[in-house]
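Here are my notes on the model you sent, as numbered points. Please read them with the structure open beside you.

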Amino acid sequence: MVSVGLLLMRLVIGIAFIGHGSQKLFGWFGGYGPKGTGGWMESIGIKPGVLMAVMAGLMELVGGLLFAAGLLTPVAAVLIAAAMLGAIVKVHAPNGFWSTANGIEFPLTLLAVAVGVALAGPGSISLDALLFN
């Protein structure tokens, strides 16, 4: 049952990150693409905006794909954690803890799940288990 729980966490978090990366990279799912996201990033002091939007989108998309599949899970977790650490520092930290005030609560939770799954391992229902065990 532990592997089913890990699979559930990996799929939900991974698919969410695939979506967020696709918003930044392709403008899908209501996103603004690299130019729109880059403009917003520039407005909060992250420069060069378009390059940083592409980098964030790639971390989220690739991290999400790998995490959902349970493939190279530590790499996936690092990509997700790095994206969330950037979001915490540059966007959410000034707003305190609670997500109701756009604080760090939610991105910190995502970071903790990614790191926790990486430390625990992706479980037996994963490509890591299939390929490396």
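1. Where is the place of Pro48? Pro48 sits in the loop between H2 and H3. The model is a predicted one, and in it the peptide bond that runs from Lys47 to Pro48 is cis, with omega near -5°.

2. In the loop between H1 and H2 lies Phe29. The phi of Phe29 is near 55°, which is a positive value in a residue other than glycine.

3. On the overall fold: the chain holds 6 helices and 0 strands. Following the sequence, the pattern reads α-α-α-α-α-α.

4. On dimensions: the C-alpha trace of the chain spans about 45 × 30 × 20 Å along its principal axes.

5. For helix H1 (residues 2-26) and helix H2 (residues 33-43), the axes come within 5 Å and cross at roughly 95°. An angle from 65 to 115 degrees counts as roughly perpendicular, and therefore H1 is described as roughly perpendicular to H2. H1 brings Gln23, Lys24, Leu25 and Phe26 to the contact, while H2 brings Gly33, Pro34 and Thr37. Sorted by class, the contact of H1 with H2 has 3 nonpolar, 3 polar and 1 charged residues.

6. On empty space: rolling a probe the size of a water molecule over the atoms shows where such space is left. The largest pocket has a volume of about 760 Å³. It is lined by 28 residues, and those closest to its centre are Lys24, Trp40, Glu60, Met84 and Ala87. Lys24 is also one of the H1 residues in the contact with H2.

7. Which elements give two or more residues to the lining of the largest pocket? They are H1, H2, helix H3 (49-69), helix H4 (73-92) and helix H5 (105-120). H4 gives the most, with 8 residues. By class, the lining of the largest pocket divides into 18 nonpolar, 7 polar and 3 charged residues.

Definitions and conventions: Residues are numbered from 1 along each chain as its sequence is written. This is a predicted model: local features need pLDDT of at least 70, side-chain atom pairs count only at pLDDT 80 or more; totals for chains, interfaces and linings use all residues. Side-chain values use heavy atoms; hydrogens and water are left out. Axes are lines fitted to C-alpha atoms, for helices over the stretch in contact, and angles run from 0 to 180 degrees between N-to-C directions. Helices (H or I, at least four residues) and strands (E, at least two) are DSSP runs, numbered from the N terminus. Angles under 35 degrees count as roughly parallel, over 145 as roughly antiparallel, 65 to 115 as roughly perpendicular and the rest as oblique. Contact means heavy atoms within 4.5 Å. Ala, Val, Leu, Ile, Met, Phe, Trp, Tyr, Cys and Pro count as nonpolar, Asp, Glu, Lys and Arg as charged, and the others, Gly among them, as polar. On a 1 Å grid over the protein atoms alone, a cavity is a set of points where a 1.4 Å probe fits but cannot get out, and a pocket is an open set with protein on both sides within 12 Å along at least five of seven lines; lining residues have an atom within 4 Å of a point. Grid points are joined across faces, edges and corners, and a volume is the space filled by probe spheres set on the points.
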